[in-house]
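Student: I have a structure open and some terms to check. Can we go through them against their cut-offs?

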Amino acid sequence: MSPKSCPCTSGKSYKSCCEPYHKGELPTKAVELMRSRFSAYAMGNHAYIIKTTDPTSPVYRKNVAKWRKWLKEYTATTTFLKLHILNLPAERFGEADLTVTAVLLLHVKDISFTERSLFRKEKGRWLYVRPLNL
């Protein structure tokens, strides 16, 4: 693979940033999970998004086929331009919250958003749980 920049906009190459997580290495920090999920959205890696979403999350779908179809449509029509990490979370009691701004375009319309997200570590794996109120 060429030393292309990682879609999570960390400034590192994909190979040294998010690729190891997409290939099965477990993120050791919530911020690594957030970055790798952003990259997965940007690259259309639907399996990774599903695998790293907590089953208790309101965005989790039991009908994985429908969820995968929605993810395919969403990632095909959305350009993931930049991820801004606004805080480095304190990870305590197996949970962390992280605030990010995701810069996105749906077709040509700006659909960027800022979200404070909850992450939980279950059996050594960080998972995305849900957005928190800002």
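Tutor: What follows takes cysteines, rings and charges in turn.

Tutor: This is a predicted model, where local features need pLDDT of at least 70, side-chain atom pairs count only at pLDDT 80 or more, and totals for chains, interfaces and linings use all residues. Residues are numbered from 1 along each chain as its sequence is written, and side-chain values use heavy atoms, with hydrogens and water left out.

Student: How do you know that C17 is in no disulfide?

Tutor: A disulfide is a pair of cysteine sulfur atoms within 2.5 Å. The structure holds zero disulfides. For C17, the nearest cysteine sulfur belongs to C8 and is 3.6 Å away. C18 is in no disulfide either: the sulfur of C6, the nearest, is 3.5 Å away.

Student: Why is C18 called buried?

Tutor: Buried means under 20% relative accessible area, exposed over 50%, and partly exposed in between, with a 1.4 Å probe and protein chains only. C18 has 1%, so C18 is buried. C17, at 10%, also counts as buried.

Student: What makes Y41 and Y74 an edge-to-face pair?

Tutor: Rings of Phe, Tyr and Trp (its six-membered ring) pair if their centres lie within 6.5 Å; planes under 30 degrees apart count as stacked, over 60 as edge-to-face and the rest as tilted. Y41 and Y74 are 6.1 Å centre to centre, with 85° between the planes. That makes the pair edge-to-face. Y41 lies in helix α2 (residues 30–43) and Y74 in helix α4 (residues 64–77), so the pair ties together parts 33 residues apart in sequence. Helices (H or I, at least four residues) and strands (E, at least two) are DSSP runs, numbered from the N terminus.

Student: Why is the pair of Y41 and F80 called stacked?

Tutor: Their planes are 25° apart, and their centres 5.8 Å. F80 is in strand β1 (residues 78–85) and Y41 in helix α2, so this pair joins parts 39 residues apart in sequence. Y41 is buried at 19%, and F80 is buried at 13%.

Student: Which residues do ring pairs link into a cluster?

Tutor: The cluster holds F38, Y41, W70, Y74 and F80. The whole structure has seven aromatic pairs.

Student: What makes K4 sit over the ring of Y14?

Tutor: The rule asks for NZ of Lys or CZ of Arg within 6 Å of the ring centre and within 35 degrees of the ring normal. The charged end of K4 is 5.8 Å from the centre of the Y14 ring and counts as over the ring.

Student: How do you know whether K72 is buried or exposed?

Tutor: K72, in helix α4, has 58% relative accessibility, so K72 counts as exposed.
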